[in-house]
Amino acid sequence: MEKLIAKLKQTIALQLFTIFLRYLLGSAFVYASVFKILGIRFTPKSGENAPIDSLPHFLEAMYQSGYYWYFIGWGQLVVGFLLMSQILSTLGAVAFFPIMLNIVMITTSFDSISVFIITCLMLLANIYLLLWDWNKLKFIVLLEPKNYYDDNAELSKRKVWVYLALLLFLIIVFYRLHAGAYL
């Protein structure tokens, strides 16, 4: 498996796909985090009067919890930034996994097939990123991992991706802050 992943990592199209997938997943978390940090509901309408077994009611309960809502927001912001950074993207992918798995489990409990499909796709994308970084993660999983070697191609090591990640992160945060002023 390691040799196959190392060989695939040399494909420029897959390198670019991986970089942009990190941006996409990280951006989704950063985008969703800002309103939580500002203490704004995830949905525009209160779900307080929705049926107790519905997703809007569940989201309202999390929103009403106060500190937990802020905690979720800050967690998503940090994990999103780590994933987008490219330098710390492996740590971001590892932290993203249990959060996304939890979100998938929550969506299975409610009748929202479109949200379930989106969250499952995000989880699959995260699994792809974890496999992409297998050479770094095998030391956590395997009892006797072999030697580490850096099999990341030069394209993915370029600093332009880090600067682009920082720019994208700031654009999303400022956009969401600006959009929050009009709610």
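These notebook entries record what I looked up in a predicted model.

**Entry 1. Helices H3 and H4**

I began with helix H3, residues 55-64, and helix H4, residues 67-84. Their axes lie 5 Å apart, and the packing angle is about 100°. Angles of 65 to 115 degrees count as roughly perpendicular, and H3 and H4 are therefore roughly perpendicular to each other. I then listed the residues that meet: Leu59, Met62 and Tyr63 come from H3, while Tyr68, Trp69 and Ile72 come from H4. I sorted this contact by residue class and noted 6 nonpolar residues, with no polar and no charged ones.

**Entry 2. Helices H2 and H6**

I next examined helix H2 (residues 12-37) against helix H6 (residues 113-132). For this pair I noted an angle of about 130° and a distance of 10 Å between the axes. H2 and H6 are therefore oblique to each other. The crossing of H2 past H6 is left-handed. On the H2 side, the contact is made by Leu14, Gln15, Phe17, Thr18, Leu21, Arg22, Leu25, Ala28 and Phe29. On the H6 side, I recorded Met122, Ala125, Asn126, Tyr128, Leu129 and Trp132. By class, the contact of H2 with H6 comprises 11 nonpolar, 3 polar and 1 charged residues.

**Entry 3. Salt bridges**

How many salt bridges does the structure hold? I found 2.

I looked at Arg22 and Asp133, whose closest N and O atoms are 3.6 Å apart in a salt bridge. Arg22 sits in helix H2, and Asp133 sits in the loop between H6 and helix H7 (134-141). The two residues are 111 residues apart, and the pair links distant parts of the chain.

I then turned to Arg41 and Glu60, whose side chains form a salt bridge with an N to O distance of 2.7 Å. This pair, too, links distant parts of the chain: Arg41 is in the loop between H2 and H3, Glu60 is in helix H3, and they are 19 residues apart. For Arg41 I recorded 25% relative accessibility, so Arg41 counts as partly exposed. Glu60 has a relative accessible area of 5% and is therefore buried.

**Entry 4. Tyr31**

I looked up Tyr31 and placed this residue in helix H2. Its relative accessible area is 37%, so Tyr31 is partly exposed. Which residues does Tyr31 contact, leaving aside its neighbours within four places in sequence? I recorded Ile172, Tyr175 and Arg176. I also checked Tyr31 against Ala179, which is 148 residues away along the chain. The C-alpha atoms of Tyr31 and Ala179 are separated by 11 Å.

**Entry 5. Gln86**

Last, I checked the backbone at Gln86. Its phi is near 70°, which is a positive value in a residue other than glycine. Gln86 belongs to the loop between H4 and helix H5 (89-108). Its relative accessibility is 10%, and Gln86 therefore counts as buried.

Definitions and conventions:
Residues numbered from 1 in each chain as written. Predicted model: local features only at pLDDT ≥ 70, side-chain atom pairs only at ≥ 80, totals over all residues. Heavy atoms only, no water. Axes fitted to C-alpha atoms, helices over the stretch in contact; angles between N-to-C directions. Helix = DSSP H or I, 4+ residues; strand = E, 2+ residues; numbered from the N terminus. Parallel < 35°, antiparallel > 145°, perpendicular 65-115°, else oblique. Contact = heavy atoms within 4.5 Å. Nonpolar A, V, L, I, M, F, W, Y, C, P; charged D, E, K, R; others polar. Left-handed = near helix turned anticlockwise from the far one by under 90°. Salt bridge = Lys/Arg side-chain N within 4 Å of Asp/Glu carboxyl O. Buried < 20%, exposed > 50% of the residue type's maximum accessible area, 1.4 Å probe, protein only.
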